[in-house]
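Visitor: Please take one part of this model and look at it closely with me, and then show me what else is found elsewhere along the chain.

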Amino acid sequence: MFEFELLKKDGNARLGKIYTAHGEIETPVFMPVGTQGTVKAVTKEQLLSTKPQIILGNTYHLYLRPGIEVLEYFGGLHRFMNWGKPILTDSGGFQVFSLSREKKKEGKHKAEVILTEEGVKFKSHLDGSWHFFTPELVIHIQEIIGSDIMMPLDVCPPYPVSHTTAKDAVDKTIRWLERSKKAKKNEWQALFGIIQGSVYSDLRRESAIKTVDLDMDGYSIGGLSVGEPAELMYEMTEIVIPFIPEDKPRYLMGVGTPENIIESVERGVDMFDCVMPTRNARNGTLFTTYGRLNIKAAKHRFSDEPVDSECDCYTCKNFSRGYVRHLFNAEEITGMILATIHNLRFYTRLMEEIRKSIKESKFLEFKKEFLDKYTGLK
Ligand code: PRF
Ligand code: ZN
């Protein structure tokens with residue numbers, strides 16, 4: 001029920017197709033983030049108007065709320081949220097660590113994550129209650145959620161981190177992947193392996209080799225885009241890609257900006273997810289052909305132009321920058337909705353153009369054209 005087909009290469013950039021129980025996905029693909037069973041600020045119909053192929057959900061959040069009993073009662077996440085297309089779920093490995101770090105920064109609590117060989121004990125960001133995730137439980141939860149693509153529980157260290165701690169994270173992530181694979185019951189759901197190793201080349205190589213040895217349905221590159229310079233992220237991606245078999249999809253987790261995505265596609269990445277289009281939309285930062293703009297700025301007050309004249313989204317077809325700016329300044333919810341629709345369509349259109357350029361063997365030409373405009377070189 002899960003398959004990947006490599007259709008064409010242009011340099012290292014790849015055009016492919018993923019087959020899942022809930023339909024096909026053309027790659028390279030961007031997956032909008034729907035952490036809590038909704039892509040924030042849009043209804044299913046509004047989301048569909050941006051032409052997404054797959055969305056992402058989070059095991060951590062869905063387990064805490066509404067909880068697995070509710071998800072089981074409703075027959076899984078697809079049925080619960082009335083979403084017929086594919087869903088990928090993240091394991092919670094990353095959220096457990098990053099949400100606790102956020103709290104630490106706020107100076108609110110002490111030790112909130114306890115890492116052992118068995119699993120990870122963590123405090124809920126909602127009510128402070130303690131929970132214990134094991135690789136087996138995280139697979140079980142994702143089988144109740146019924147996602148098409150599951151992620152195993154992993155250890156994602158912060159940046160920077162010592163070689164020793166990064167090595168521990170790699171080793172634990174591998175041992176947990178073996179346990180995840182054994183725990184998996186449903187044939188139709190895919191399970192990826194997650195490559196860790198921070199910014200250490202030797203660890204990245206070791207992690208890639210050992211993860212690929214376990215013959216997973218696809219391979220995620222984790223532990224990047226956590227504050228390291230973009231060049232290091234590209235370097236680490238370049239190191240692991242040659243170890244991943246050509247006939248399996250590669251997913252760069254939590255990435256990124258349009259520039260990050262283009263650079264990573266060039267290096268052979270097939271799948272991306274990021275809160276960037278949706279989160280930025282809600283604070284008034286919009287992506288356009290000529291770069292980002294802050295729609296709240298006074299200069300848009302009398303603008304009768306669409307947000308992006310080259311965009312075919314509902315927002316750009318119907319409203320002016322001046323109107324969207326007004327909605328933001330008046331704190332009307334519709335502002336966030338219109339901005340989210342636009343940003344999501346900007347990202348899916350970017351991926352459509354990337355795929356077209358690979359199909360026509362013009363990826364590098366596309367890259368130059370896109371970046372010249374986007375970064376203001378015109
Ligand atoms: N692991 C998991 N999810 C993730 C990451 C990771 O390393 C990242 C890193 N950018 C984003 N999401 N499980
Ligand atoms: Zn638009």
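Guide: A patch is made of residues with over 30% relative accessible area and no salt bridge, like charges being joined within 9 Å and nonpolar side chains (Val, Leu, Ile, Met, Phe, Trp, Tyr) within 5 Å. Areas come from the Shrake-Rupley method with a 1.4 Å probe, and for residues only the protein chains shown count as cover. A salt bridge is a side-chain nitrogen of Lys or Arg within 4 Å of a carboxyl oxygen of Asp or Glu. This is a predicted model, in which local features need pLDDT of at least 70 and side-chain atom pairs count only at pLDDT 80 or more, while totals for chains, interfaces and linings use all residues. Residues are numbered from 1 along each chain as its sequence is written, chains are lettered from A and ligands numbered from 1 in the order in which they are written, and side-chain values use heavy atoms, with hydrogens and water left out.

On the surface, Y73, F74 and F80 form a nonpolar patch with about 340 Å² of accessible area together. F74 sits in the loop between helix 3 (68–73) and helix 4 (77–80), where helices (H or I, at least four residues) and strands (E, at least two) are DSSP runs numbered from the N terminus. With a relative accessible area of 32%, F74 is partly exposed; buried means under 20%, exposed over 50%, and partly exposed in between (1.4 Å probe, protein chains only).

Strand 11 pairs in the parallel sense with strand 10 (residues 149–150) over 2 bridges, two strands being paired if DSSP finds at least two bridges between them. Here L191 is the bridge partner of M150. Strand 11 also pairs in the parallel sense with strand 12 (residues 218–221), over 4 bridges, and in this pairing F192 stands opposite G218. Between these two strands, the chain passes from strand 11 through helix 8 (residues 201–213) to strand 12.

I195 belongs to strand 11 and is buried, its relative accessible area being 0%. Leaving aside neighbours within four places in sequence, I195 is in contact (heavy atoms within 4.5 Å) with residues including R204, S207, A208 and T211, as well as Y219, S220 and I221. Q196 lies in the loop between strand 11 and helix 8 and, at 0% relative accessibility, also counts as buried. Residues touched by Q196, not counting those up to four places away, include D154, V155, C156, P157, L203, R204 and S207.

Elsewhere, the model has 22 salt bridges by the rule above. One of them joins K9 to E246, with the closest N and O atoms 3.0 Å apart; the pair links strand 1 (residues 3–10) to the loop between helix 9 (230–240) and strand 13 (250–252), 237 residues apart. K9 is partly exposed at 35%, and E246 is partly exposed at 39%. E117 and R175 form another, with closest N and O atoms 2.8 Å apart. In the salt bridge between R345 and E352 (2.9 Å, N to O), R345 is buried at 3%, whereas E352 is partly exposed at 27%. Finally, a network of salt bridges links E238, E263, E266, R267 and K367.

Key:
Right-handed = clockwise from strand over helix to strand, strands pointing away.
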